[in-house]
Amino acid sequence: QVQLVESGGGLVQAGGSLTLSCAASGNIFSINAMGWYRQAPGKQRELVATITRGGRTQHADFVVGRFTISRDNAKNTVYLQMNSLKPEDTAVYYCNVPGSGDYAGYNYWGQGTQVTVSS
């Protein structure tokens, strides 16, 4: 019943920008905080940023000052604005309910959206 659909990824040069979107169906968006995660090739998934239902945000140290998470509850959509992109930001980006550390609180994942940053 619940779906998480990420979009907006692509190929960008270092220093460029992208904005990702996550559309959530069902009740998950209305009752939960949301987060962005990413997974680079050969590496574990890591938490990027979180936002509560009321709009309070937290960002991982490695994206502070560059990425901004936001949400539009009326559209059931979470956004990740990414500026000053670096090659190490290359990863598949996912949205989900935040849990503890790099673990999500909801045991289902969307397909993610690929972000590739070239030098």
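This is a predicted model: local features need pLDDT of at least 70, side-chain atom pairs count only at pLDDT 80 or more; totals for chains, interfaces and linings use all residues.
For Met82, leaving aside residues up to four places away in sequence, the contacts are Gly16, Ser17, Leu18, Leu20, Arg66, Phe67, Tyr93 and Val115.

## Open sheet

Four strands, in the order β1-β3-β8-β7, make up an open sheet with antiparallel pairing. Because β1 (4-7) and β7 (67-72) stand at the edges and each has a single partner strand, one side of each is left without a neighbour in the sheet. From one strand to the next, the twist averages 15°.

The antiparallel pair of β7 and β8 (residues 77-82) is joined by 6 bridges, and within this part of the sheet Ser70 stands opposite Tyr79 in β8.

## Disulfide link

The count of disulfides comes to 1, formed by Cys22 and Cys95, whose sulfur atoms are 1.8 Å apart. This pair links distant parts of the chain, with Cys22 in strand β3 and Cys95 in strand β9, 73 residues apart. The link of Cys22 and Cys95 is right-handed, with 65° about the S-S bond, and both Cys22 and Cys95 are buried.

Terms used
Residues are numbered from 1 along each chain as its sequence is written. Side-chain values use heavy atoms; hydrogens and water are left out. Two strands pair if DSSP finds at least two bridges between them. Helices (H or I, at least four residues) and strands (E, at least two) are DSSP runs, numbered from the N terminus. Axes are lines fitted to C-alpha atoms, for helices over the stretch in contact, and angles run from 0 to 180 degrees between N-to-C directions. Contact means heavy atoms within 4.5 Å. A disulfide is a pair of cysteine sulfur atoms within 2.5 Å. Buried means under 20% relative accessible area, exposed over 50%, partly exposed in between (1.4 Å probe, protein chains only).
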